[in-house]
Amino acid sequence: MTKQITLTIDGQKVTVPAGTTIMQAADNIGLHIPRLCFHQKLSSIGACRVCVVEVAGMKNFAPSCCTAATDGMVVKTNSQAVRKARRDIVELILDNHPRDCQICERNNNCDLQELANTLGIREFTYEGERKRYAVDQSAGITRDPEKCITCGKCVRVCSEIQGVNALSYAYRGFRTTVLPAFNMPIKDSVCINCGQCTLFCPTAAITETDATADVWRNLNDPAKTVIVQIAPAVRVALGEGFGFEPGVDKTYEAVTALRLMGFKVVFDTQFSADLTIMEEGHELIHRLKNNGKLPMITSCSPGWIKFCEHFHPEFLGNLSTCKSPQQMMGALIKTYYARKMKIDPANIYSVSIMPCTAKKFEASRPEMNASGYQDVDAVLTTRELIKMIKQAGIKFNELKGSEFDNPMGESTGAATIFGVSGGVMEAALRTAYEVITGQALPSIDFKAVRGFDGIKEASVDIAGTVIKVAVIYGMANVHKVFTEMEQGKRSYHFIEVMTCPGGCMGGGGQPYLPNQAEALDKAWYEKRAQGLYKIDELKKIRKSHENPQIKQIYQEFLKQPLGEVSHHLLHTHYHYRLPKGIASKVKDTVSI
Amino acid sequence: MIPAKTKPISKETQSKLKKVGEYLETSPRLKDQQGQLMGALHYVQTLFGYLPQEAMEYISEKLSIPTAHIYGMATFYNYFSLQPKAKYQIYLCKGTACYVAGGARIQERLKEELKIGLGETTPDGMFGWNITRCLGCCGLSPVMQVNEDIYVRMVPEKIPAILEKYRRQDKKAAKVKEAGIGAFDHPGK
């Protein structure tokens with residue numbers, strides 16, 4: 001057993017294991033020491049000094065997030081001197097921060113604003129030089145370093161959870177700022193657009209790149225047929241923007257809201273998720289039967305694709321050639337649907353709503369114009385959709401639900417669970433099993449691939465062949481698995497990779513969590529996931545190959561999985577990308 | 001094939017990078033550790049006169065340290081420069097003692113002689129000058145440093161001769177180089 005120590009915090013005695021920080025000890029007795037740069041899933045660096053406390057016998061105030069408690073320590077978290085110091089610190093941060101709260105993206109959802117308010121700061125005490133930087137934008141991410149308070153959460157999440165290391169501190173003292181390597185534009189860096197930094201940033205220094213203005217413009221253009229698709233993970237998180245609990249299914253209310261906003265046709269990305277399973281399932285079978293390159297690795301998570309291009313190009317041949325559901329839908333809208341409805345694809349403006357910032361980048365890839373046009377014109381995150389619904393003055397809470405449009409609106413439970421880590425694997429196994437064996441599955445739920453562990457493994461017996469699978473989220477975990485595969489410590493037939501913690505449940509485009517709950521709250525993500533599993537359970541059809549509209553599209557248009565039309569519209573290849581990335585090595589699996 | 005670099009690299013840079021590689025192989029105590037980065041950057045700074053992006057990318061791959069972090073370290077320390085530095089870098093101490101003993105007058109004369117401002121480099125790439133804080137020999141103030149050489153009890157009148165000394169030294173070095181004995185082959189020694 002670890003040694004126990006006893007300390008006194010604000011007059012209360014508290015006993016904790018040795019090695020506990022003062023902040024953790026205070027949390028144990030229900031004392032919330034104000035904090036800004038601290039996050040329990042990241043290393044503590046004491047960058048902001050907001051969490052300073054007074055320790056008897058110590059000359060200076062100690063940052064409680066990274067000061068270990070010791071036996072007999074006497075701590076004051078709320079003395080007059082500490083309160084003054086803390087206020088001074090926050091006032092100094094505010095002095096070097098644009099004072100434009102009213103017109104800021106994070107207004108009412110900003111840790112700094114909240115902190116200034118809680119501490120009761122009512123005037124600007126200091127007036128000094130302020131840092132000036134230009135805004136830097138990629139397809140998915142917008143950086144506004146003027147708003148950066150150099151807390152370094154983005155640097156740490158990028159390094160410790162995603163292993164990407166796209167950002168780091170640069171320069172020193174007053175000039176300290178967070179930058180990509182060589183101060184290159186973020187679009188040219190190894191950034192994979194996953195958007196985890198947008199969830200961690202306490203201010204609006206990093207946000208998604210806005211698409212709402214462009215979408216509104218096209219919605220108001222009478223010459224355009226604006227068609228929209230909505231991803232599985234969005235429907236269980238959208239409600240959060242309107243006061244609902246995470247995990248509440250708002251699929252059909254969303255369809256109504258989209259129609260009210262002026263979208264002419266509303267399709268379901270779950271339809272193309274079913275289609276992805278048809279193609280990917282057959283691709284897996286093809287690879288297994290014909291000594292193809294194994295393990296096959298899923299390719300629906302665009303952050304992961306860019307990671308593979310920068311960091312592990314040697315695995316590009318292992319990627320499934322299937323496009324993601326978003327891009328399959330995009331290609332079909334401007335070909336299959338346009339021909340069916342006799343609309344000139346040039347006049348179609350195709351929008352997708354995703355839990356994701358990397359999808360914005362994916363849509364802008366030059367590979368993604370199988371229809372002869374950019375297949376998906378604009379990508380909105382869940383957050384942006386919430387914003388647009390509010391801008392349109394729609395009372396979301398009072399809406400009645402309505403159905404998706406045909407012929408790409410119907411979907412199965414297998415497609416729904418694409419939104420959660422392990423879901424694509426489970427959906428693929430449901431179909432692959434039945435296609436290979438010709439028999440119905442004894443049990444439809446593959447529980448072994450569910451849950452929130454960063455790396456999950458399972459073996460599935462399909463007609464006497466044991467298929468070894470792995471389900472991974474977080475790029476640091478991917479790097480770990482790949483390294484161990486190269487060392488011969490692991491081997492698989494099929495791997496599902498999702499970029500974000502918990503899959504799309506923790507997507508970089510999902511609603512910000514309420515201030516104090518902080519990003520990466522497992523319980524919160526689990527609620528979202530339970531919402532998806534509930535939709536799956538309640539669906540009449542739960543296997544992709546049984547979706548009647550899928551059968552119809554193969555009959556009318558695609559003919560067969562992996563056929564010529566599919567090959568042209570639904571499959572693609574990726575290429576190595578520079579600069580070459582160096583991924584963080586993690587010893588233990590990173591789980592939320 | 002996977003090319004590792006972002007830009008084509010000149011022959012000269014390539015041969016210098018090879019030396020950096022040799023340094024990383026042979027540098028003694030910290031081999032294969034992240035702590036090797038500091039020494040490696042020092043080596044590159046001396047070898048190239050600054051930290052070119054190619055060299056930082058090269059070290060990144062060799063030591064498996066992300067370029068963003070290397071850039072962070074390179075910009076943190078004043079010693080490192082991201083642009084080519086002058087061959088002879090002059091540091092003028094303006095710590096308290098040197099300041100009181102007349103550091104400002106030295107600075108004026110230096111500016112006059114070199115016709116460049118603080119942090120700039122002369123057009124021929126020979127000299128650049130910067131202000132530094134205490135060099136640790138206040139009793140000998142005012143102090144000026146040129147590369148590794150320290151000049152103490154400075155007076156403005158000494159400056160032209162000192163500059164001339166380095167100009168002569170440089171000509172000599174160029175001759176040696178022409179003769180095929182690389183004067184800059186062993187940086188840091």
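Predicted model: local features only at pLDDT ≥ 70, side-chain atom pairs only at ≥ 80, totals over all residues.
In which handedness of crossing does H2(B) pass H3(B)?

**Chain B, overall**

Begin by selecting chain B, which holds six helices and four strands. Followed along the sequence, their order is α-α-α-α-β-α-β-β-β-α. Of its 189 residues, 25% count as buried. Among contacts in chain B between residues at least 6 apart in sequence, those joining residues at least 24 apart make up 63%.

Next, colour residues 11–76 as domain 1 and residues 88–178 as domain 2, the two domains into which chain B is divided. Their C-alpha centres are 28 Å apart.

**The helix pair H2(B) and H3(B)**

Within chain B, select helix H2 (residues 36–48) and helix H3 (residues 53–63). The two pack at an angle of about 150 degrees, and their axes lie 11 Å apart. Because of that angle, H2(B) is roughly antiparallel to H3(B). The crossing of H2(B) past H3(B) is right-handed, which settles the opening question.

Now show the side chains where the helices meet. H2(B) brings B:Gln36, B:Leu37, B:Ala40, B:Val44 and B:Phe48, and these face B:Ala55, B:Ile59 and B:Leu63 in H3(B). By class, this contact comprises seven nonpolar residues, one polar residue and no charged residues.

**The side of chain B that touches chain A**

Display both chains and select the residues in contact between them: 16 in chain B and 17 in chain A. On the side of chain B, the elements giving two or more residues are H3 and helix H4 (67–76). H4(B) gives the most, with seven residues. By class, this side of chain B has seven nonpolar, eight polar and one charged residue.

**Helix H4 of chain A**

Move to chain A and select helix H4, residues 153–161, which is mostly covered, with eight of its nine residues buried. The buried residues are A:Lys153, A:Cys154, A:Val155, A:Arg156, A:Val157, A:Cys158, A:Ser159 and A:Ile161.

Finally, step just past the end of H4(A) to A:Gly163, where the backbone takes a positive phi of about 65 degrees.

Note on methods
Residues numbered from 1 in each chain as written. Chains lettered and ligands numbered in written order. Buried ≥ 20, exposed ≤ 12 C-beta atoms within 10 Å, placed from the backbone. Axes fitted to C-alpha atoms, helices over the stretch in contact; angles between N-to-C directions. Parallel < 35°, antiparallel > 145°, perpendicular 65-115°, else oblique. Left-handed = near helix turned anticlockwise from the far one by under 90°. Contact = placed C-beta atoms within 7 Å. Nonpolar A, V, L, I, M, F, W, Y, C, P; charged D, E, K, R; others polar. Domains from an automatic or database assignment.
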